[in-house]
Amino acid sequence: MNTPNGGVLKDLVARDAPRRQELTAEAEKLAAVVLNDRQLCDVELIMNGGFSPLEGFMTEKDYNGVVENNRLADGALFSMPICLDLSKKEIDASGIKAGARIVLRDSRDDRHLGIMTVEDVYKPDKQKEAKEVFGGDEEHPAVKYLMNQTEEYYVGGKIEAIDRLMHYDYVGLRFTPAELRAHFDKLGWSRVVAFQTRNPMHRAHRELTVRAARSRQANVLIHPVVGMTKPGDIDHFTRVRVYQALLPRYPNGMAVLALLPLAMRMGGPREAIWHAIIRKNHGATHFIVGRDHAGPGKNSKGEEFYGPYDAQYAVEKYKDELGIEVVPFQQMTYLPDSDEYKPKDEVPKDVRTADISGTELRRRLKTGGDIPEWFSYPEVVRVLRESHPPRNKQGFTVFLTGYTNSGKDAIARALNVTLNQQGGRAVSLLLGETVRNELSSELGFSHEDRNKNIARIGFVASELTKSGSAVIAAPIAPFKDSRKAAREIVEKYGSFYLVHVATPLEFCEKTDKRGIYAKARKGEIKGFTGVDDPYEAPEGKEADLVVDISKINVRTAVHQIVLLLESEGLLDQL
Ligand SMILES: Nc1ncnc2c1ncn2[C@@H]1O[C@H](COP(=O)(O)OS(=O)(=O)O)[C@@H](OP(=O)(O)O)[C@H]1O
């Protein structure tokens, strides 16, 4: 098994276990810093030795060395800044300064994780960090995070560990470096090639890892990231089920699956060096670096953030120092004529090849398109399809907006029974009045209260959409911003259709049998939409459909909505 980076595994949890009681007692009296998701990932790998030789968050000297030339202050190789970022307000409020001891608290469950002795508080040059570490493109996800989410100050210092972080998912697959080393030892493995991934694995990946194992006479560690990956990636719950489904496809005993709680930065070459160091700490002797390793793809101009093999050049440069042998790989591609996978550079020019990109795969999952057996295993595809139900099983929201008595409620009710007749999904009807009674009874009709009301409808609709329901909402929703927010929250989980019931106000008022407009005109109801309160009608592309009940009847309006849903594949019968 490989030696840890720097020679000693900095397993702070094991090191400090004898002092746990004492540290726990001290923590009660200290000012606490509550760690966010990224900081939690970092602290977990600092405390379990995954980031050896780090024993805490970087001081200014270490940080500058890493940013400028991939080196800690003592000259050791380390390529990614690992910093505790805090606001000025928090630093002042908690009296954070050199010499202070602060407790690091888990934001998820309020547990105390460790005590940090502050060595310095410093203001980083973010522009420089963005440029040197990530290449400087302001669209790079790590640069965006740095500029928009990272606080102004960094706090450096060593950590004494109180306890490991709690996890409740896939606990048995989460191995610390020490646990993984013990596991390899038990299996009798001395040569281990690690494979990093943030994506589902298919035949090409299995082929690539087996080839790497064969070429180095090693076993395989499948070491996927389950901390933070690129926004929009397939969630780790689904991915881990995929890896579990794939594992039996390896020759018996060849591969082990272990999950890595890393917060990726998508830093290409820098990240590849960092990944290699992390795998060395976990005991691996070899590490696969493929095409565009840990790169974020392309920016909005269609330009790659990094060259396809920049990461390979970077690890090659530090080869001797890294102490883990990098196994470079070209992209694997399928050869339909011989039904096999080969690295792209080994394919003769005139031989046909086939590939399905990640984007194309996501599209096929979304639309229920074919995923051929040459690309993936049926058991893997089954797992992916469970998390990406076909269109006719996906939830959606139809959001009707319009004046009182515009016909929006009548359309909503008729659509409700139409969809119930169709079957296949639960249907939820959120009429303005129902929501006002059940969810928003304390709210009035000020601009702010109306927006709150619509935000609640958006939240409920998104949760129902997520679980596969058809949602029909019919509030007045007079303000553009709140309609936009409702669309955004629902579209995280399914389709959202805004139907503008654009019946003219005069018609709504003339046909109002409840006499509600009359009351508003007399001033008995104040701030009534259309009378003495505004209605911002949807403009341009905001509405997916516009109907007017002064011109068509309810049945026709419902039919138009049904045709819209049908054209999107949402109503297909199985
Ligand atoms: N001041 C004022 N302005 C507008 N509407 C009023 C007001 N006071 C009471 N009502 C009645 O409340 C019903 C629900 O309104 P909404 O919740 O849809 O309004 S909003 O979207 O929050 O703006 C709405 O009924 P429907 O439009 O039939 O749902 C109104 O009749």
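Trainee: How many disulfides does the chain have?

Mentor: A disulfide is a covalent bond between the sulfur atoms of two cysteines. This model is predicted, and the count of disulfides in it comes to zero.

Trainee: Is Cys 41 buried or exposed?

Mentor: A residue is called buried because its relative accessible area is under 20%. Cys 41 has 11% and is therefore buried. Cys 508 is buried as well, at 0% relative accessibility.

Trainee: What share of the chain is buried?

Mentor: Of the 574 residues in the chain, 54% are buried. The secondary structure consists of 22 helices and 18 strands, and the C-alpha trace spans about 85 × 70 × 40 Å along its principal axes.

Trainee: How should I read the contacts in the chain?

Mentor: Look at how far apart the partners are in sequence. Among contacts between residues at least 6 apart, 74% join residues at least 24 apart.

Trainee: Now a strand. Which way do the side chains of β14 point?

Mentor: In a regular strand the side chains alternate between the two faces of the sheet. In β14, Phe 396, Val 398 and Leu 400 point one way, while Thr 397, Phe 399 and Thr 401 point the other way. The strand covers residues 396-401, and six of its six residues are buried.

Trainee: Which strands does β14 pair with?

Mentor: Bridges tell you that. Four of them join β14 to β16 (residues 470-474), and the two strands run parallel. Six bridges link β14 to β17 (residues 495-501), again in the parallel sense.

Trainee: Next, the annotations. Which residues does UniProt list for "binding site"?

Mentor: The unreviewed UniProt entry lists Gln 196, Arg 198 and Ala 294 under that name. These residues span 99 residues in sequence, yet no two of their C-alpha atoms are more than 9.0 Å apart, so they gather at one spot. The lining of the largest pocket includes Gln 196, Arg 198 and Ala 294.

Trainee: Where does Gln 196 lie, and what does the residue touch?

Mentor: Gln 196 lies in strand β7 (residues 192-197) and is buried, at 9% relative accessibility. Beyond its neighbours up to four places away in sequence, its contacts include His 223, Met 264 and His 293. A polar contact of 2.8 Å joins the side chain of Gln 196 to that of Arg 279.

Trainee: Where does Ala 294 lie?

Mentor: Ala 294 is in the loop between β10 (286-289) and α12 (310-317). With a relative accessible area of 12%, Ala 294 is buried. Among the residues that Ala 294 touches, leaving out those up to four places away in sequence, are Met 266, Gly 267 and Glu 271.

Trainee: Which residues does UniProt list for "active site"?

Mentor: The unreviewed entry gives Thr 197, Arg 198 and Asn 199. The lining of the largest pocket includes Thr 197, Arg 198 and Asn 199.

Trainee: Where is Thr 197 placed?

Mentor: Thr 197 is in strand β7 and is buried, at 7% relative accessibility. A polar atom of its side chain lies 3.0 Å from the backbone nitrogen of Asn 199. Leaving aside neighbours within four places in sequence, the contacts of Thr 197 include Pro 224 and Tyr 243.

Trainee: Which side chain makes a polar contact with Arg 198?

Mentor: The side chain of Asp 233 does, at 2.6 Å. Arg 198 is found in the loop between β7 and α9 (203-216), and its relative accessible area of 14% makes it buried.

Trainee: For contrast, is Ala 182 buried or partly exposed?

Mentor: Ala 182, in helix α8 (residues 177-187), counts as partly exposed at 45% relative accessibility.

Methods:
Residues numbered from 1 in each chain as written. Predicted model: local features only at pLDDT ≥ 70, side-chain atom pairs only at ≥ 80, totals over all residues. Heavy atoms only, no water. Disulfide = S-S within 2.5 Å. Buried < 20%, exposed > 50% of the residue type's maximum accessible area, 1.4 Å probe, protein only. Helix = DSSP H or I, 4+ residues; strand = E, 2+ residues; numbered from the N terminus. Pairing = 2+ DSSP bridges. UniProt positions renumbered as here; feature names shortened; annotations may be inferred. 1 Å grid on protein atoms, 1.4 Å probe; cavity = no way out; pocket = protein on both sides within 12 Å on 5 of 7 lines; lining within 4 Å. Contact = heavy atoms within 4.5 Å. Polar contact = N/O pair within 3.5 Å; in protein donor to acceptor, adjacent residues only side chain to side chain.
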